[in-house]
Each structure stands twice: as C-alpha cells, then as structure tokens.
Amino acid sequence: MNLADMLTFADIGQLNRIADYYQCECKPNSKHELIQSILTTLGSKPFFEQQIRQLNQADQRFLNNLLFDPRQYYGMEELIAIARQSMDKKESEAGSSPRDLIVRFTKSGWLFNGTTQQTRYLYQVPKDLKLRFRDVLSTHLRAGIVKTTEPAMYREEYHLMAEDLKLFLKFVQQHEIAVNAEGMMYRRSQQQLMEHLHISEELVGKAGWRFGYGRSFKDYPDRFALVYDYAFHHRLIREEQGCLRLTGSGEEKLGAEKTAEMIQLFRFWLRLYKGAVPNLSSIVYWTGECAENWSTRESLFQQIGPFIQPFYYDTAEDIYDKRIIKMMMHLGLIRAGEHEQGRVVQMTAWGLKLASSCRSVSADVAPIVFDK
C-alpha cells in the first residue's frame with residue numbers, strides 16, 4: 001500500500017499528529033485537507049531530502065533496516081527488535097529506547113497500522129516511501145564519495161574462490177588429512193593446502209580473539225574459513241575418526257559450474273556473517289551504489305560506516321575493512337588498489353549485479369547453524 005492509501009485509512013487523530021509533526025497549515029477537523037496537506041509536504045523533494053539529512057544515526061540505521069527487510073508487516077516485538085539493533089550503547093545510555101524510535105517514525109507518517117481486522121495491530125511502511133527513501137539515501141551517500149582515476153596497479157580475484165573450493169576438495173580427496181579433537185586440520189596440513197590454492201593466506205596465530213564469523217573462523221584464516229564452512233555446511237566434507245574426508249556430494253561438486261558456485265558462496269557469506277553484521281546485505285548494496293567508479297575507501301566508510309555497529313572487539317571500521325571490503329574482494333565483487341589519494345576500490349560488473357540483488361535478499365533468513 002502507498003502513502004496516500006494509508007493516510008486514507010488513518011483516523012483523524014493520527015492525521016493530526018502527522019500534520020503537527022510537519023507543521024502543516026490546514027484545518028484539523030477536515031480529513032481531506034489533512035491528507036492533501038501531508039501529501040503536498042512530503043511530495044516536496046527538497047523537504048523530503050531535508051528530513052533524511054536531519055536523522056540521527058539511530059534513526060538512519062532503523063530506517064535502513066526497515067528498507068531492506070522484506071516483510072510487509074511487523075508486530076510490535078519485531079519492530080522493537082529492529083529498533084534495538086539500530087541503537088548503540090551510547091544512545092541507550094543517553095536514555096533513548098527502541099519505542100522512542102518507533103514513536104518518531106509513527107508520528108512522521110513512515111509507519112502505519114494495518115488496515116484490516118487481521119493487521120490492525122501490525123505495522124507497515126508505505127511502499128512508495130520505501131522507494132523514495134532508497135533513492136534519496138542513495139543520492140545523499142553518493143554525494144560524499146571521493147572519486148579517483150584508475151590506480152597504476154590493483155588486485156582482483158574474479159571467481160578464484162570457486163576454483164579454490166574445488167582445489168580444497170581435491171586436496172581432501174588425494175591426501176590423508178588428520179584433524180584434532182575439535183575437527184581442525186593441523187598446521188602442517190594447512191600450510192600444504194595453502195601452497196595448492198590460488199590465494200594463499202597466513203595461518204592464524206595464537207594471539208588475539210577470533211569468533212562470530214563462522215564455525216572455523218577461530219582456527220583458519222578469513223577466506224579459507226569461509227570456504228571450509230561452506231564445504232562443511234553443504235556436507236561436501238566430513239570430520240570423522242580423526243580425519244577429514246570427501247563425501248559423495250563433494251565428489252559431485254568437483255564438476256560444478258563456477259558462476260553458480262560463486263553466487264552460492266556469496267549468499268552463504270551473507271548468512272554466515274549475519275550474526276555479527278545483521279544488516280550486511282544493505283552494506284553491500286550501498287557499497288555497490290557508491291563505488292561504481294574508483295572511490296577512496298576512506299570516503300566509503302565515512303558515508304556507509306554509520307550503518308555499521310561494532311561487534312565485540314571489532315570496531316565499525318574494522319568490520320567494514322576486514323569483514324566486508326576484504327571479503328567482497330575475495331568473492332569477486334570489488335577490485336582494490338593503492339592511489340595517491342589512499343586506498344581505493346571499485347565494484348566489478350559481477351559485483352554490481354550481486355549488490356543490486358541485495359535489495360531482495362531476505363533480511364529475516366536465519367544465520368547459518370552448523371550441524372555436528
């Protein structure tokens with residue numbers, strides 16, 4: 001339902017609250033005049049853009065989370081969960097509550113109750129407002145991006161992750177790989193494997209914390225941890241009797257087509273990292289919107305960073321650099337290089353296609369849960 005339809009179904013009390021919020025000049029007892037005044041006010045592009053610019057960070061994150069949530073209706077508890085996810089520790093300590101966010105969005109006419117007996121206690125965002133919010137946010141974010149020329153050298157990994165998945169499966173097929181009680185390959189086997197892959201990584205040391213980004217993230221380097229978790233989750237490999245073995249499904253996977261595999265790896269990554277970065281789909285989408293041309297990583301973070309919440313010891317910038325930009329490069333979504341203006345990135349054609357698909361990626365898909 002669009003905004004005009006929802007205003008028609010709203011009672012005169014709610015219409016007056018929205019009109020007061022926007023300081024509309026109209027008769028408070030005329031429903032028709034209230035609706036026309038609200039539509040005229042929100043129909044002004046400069047006014048609408050000003051409303052976006054005036055949002056605080058919690059409001060921005062709440063709006064962003066709603067824009068990328070595919071659900072048509074929300075119960076109050078669901079809205080509270082989304083609002084709580086949008087607030088950082090400082091905002092909570094300052095006395096703000098999730099309900100404050102919901103009340104502000106209701107007063108502004110961005111959230112409405114359902115119109116039927118079954119949906120009267122549920123909430124929804126007008127469909128046309130969602131589209132306008134996305135367009136305005138895109139323009140606002142792109143305006144702050146620093147563009148550059150192509151760097152002299154840059155790195156791009158294309159579909160190498162899908163190829164390395166096959167190389168890993170072949171390595172398991174051809175070698176007797178011992179694992180410890182927790183299912184981890186010993187360092188000697190890891191080092192041998194790295195010499196077989198297109199993209200080699202340093203092995204994980206004993207110092208520092210590693211959790212929240214997958215089952216094997218604590219034991220293996222970032223990129224390989226994703227490949228390993230993907231293979232384990234899809235039962236391409238199994239850990240049994242102190243050894244790592246290839247399954248029948250793993251043997252079949254050796255002949256899989258690379259493009260389809262990369263799409264599956266990308267979707268798996270979105271789910272695997274969802275626990276730590278709940279709005280990862282939207283971050284990928286906005287990066288695609290802002291980095292169609294060569295752009296500085298610093299300006300990308302300045303614009304998109306406010307949507308990211310810290311995760312334990314990972315700051316928002318750590319998450320954007322190490323968990324998002326770095327993994328987007330491994331997945332073939334971006335190319336990265338060094339420029340006189342600093343680190344720069346650009347979306348690949350493949351990356352733009354996958355990033356645009358994030359508009360319809362279900363935000364309520366459950367994170368990956370591993371079976372033993």
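## Salt bridges

Asp88 and Arg61 join their side chains in a salt bridge (3.6 Å, N to O). Asp88 sits in the loop between α6 (76-86) and α7 (89-93), and Arg61 in helix α5 (residues 57-67), so the pair ties together parts that are 27 residues apart in sequence. Helices (H or I, at least four residues) and strands (E, at least two) are DSSP runs, numbered from the N terminus. Arg61 is buried, at a relative accessible area of 3%. Buried means under 20% relative accessible area, exposed over 50%, and partly exposed in between (1.4 Å probe, protein chains only).

This is a predicted model: local features need pLDDT of at least 70, side-chain atom pairs count only at pLDDT 80 or more, and totals for chains, interfaces and linings use all residues. Residues are numbered from 1 along each chain as its sequence is written, and side-chain values use heavy atoms, with hydrogens and water left out.

A salt bridge here is a side-chain nitrogen of Lys or Arg within 4 Å of a carboxyl oxygen of Asp or Glu. By this rule the count is 22. Among them is the pair Asp69 and Arg71, at 2.6 Å, N to O. Asp69 is buried, with a relative accessible area of 6%. Arg71 is partly exposed, at 23%.

## A salt-bridge network

Asp222 and Arg323 also form a salt bridge between their side chains (3.4 Å, N to O). Asp222 is in helix α12 and Arg323 in helix α17 (residues 316-330), so the bridge ties together parts that are 101 residues apart in sequence. Asp222 counts as buried at 7% relative accessibility. Arg323 is buried too, at 8%. Shared partners link Arg210, Asp222, Asp314, Arg323 and Lys326 into one network of salt bridges.

Four strands make an open sheet in the order β3-β8-β9-β7, with antiparallel pairing. The edges are β3 (154-155) and β7 (295-296), each with a single partner strand, so one side of each is left without a neighbour in the sheet. Two strands pair if DSSP finds at least two bridges between them. Strands of a sheet pair through backbone hydrogen bonds, either parallel or antiparallel.

Strand β7 is joined to β9 (residues 342-347) by 2 bridges, and the two run antiparallel. Ser295 stands opposite Val345 in β9. Helix α17 lies across β3, β8 (334-339) and β9, running at about 110° to β8. Contact means heavy atoms within 4.5 Å. Axes are lines fitted to C-alpha atoms, for helices over the stretch in contact, and angles run from 0 to 180 degrees between N-to-C directions.

## A nonpolar surface patch

Phe211, Tyr312 and Tyr313 form a nonpolar patch on the surface, with about 400 Å² of accessible area together. Patches take residues with over 30% relative accessible area and no salt bridge; like charges are joined within 9 Å, and nonpolar side chains (Val, Leu, Ile, Met, Phe, Trp, Tyr) within 5 Å. Accessible areas come from the Shrake-Rupley method with a 1.4 Å probe; for residues, only the protein chains shown count as cover.

Phe211 is placed in the loop between α11 (187-194) and α12 (222-233). Phe211 is partly exposed, at a relative accessible area of 33%.

## Positive phi in two loops

Most residues other than glycine have a negative phi. Gln23 has a positive phi, near 55°. Gln23 lies in the loop between α2 (12-21) and α3 (31-42) and is exposed, at 69% relative accessible area.

Arg235 has a positive phi near 55°. Arg235 is in the loop between α12 and β5 (237-240). At 51% relative accessibility, Arg235 counts as exposed.
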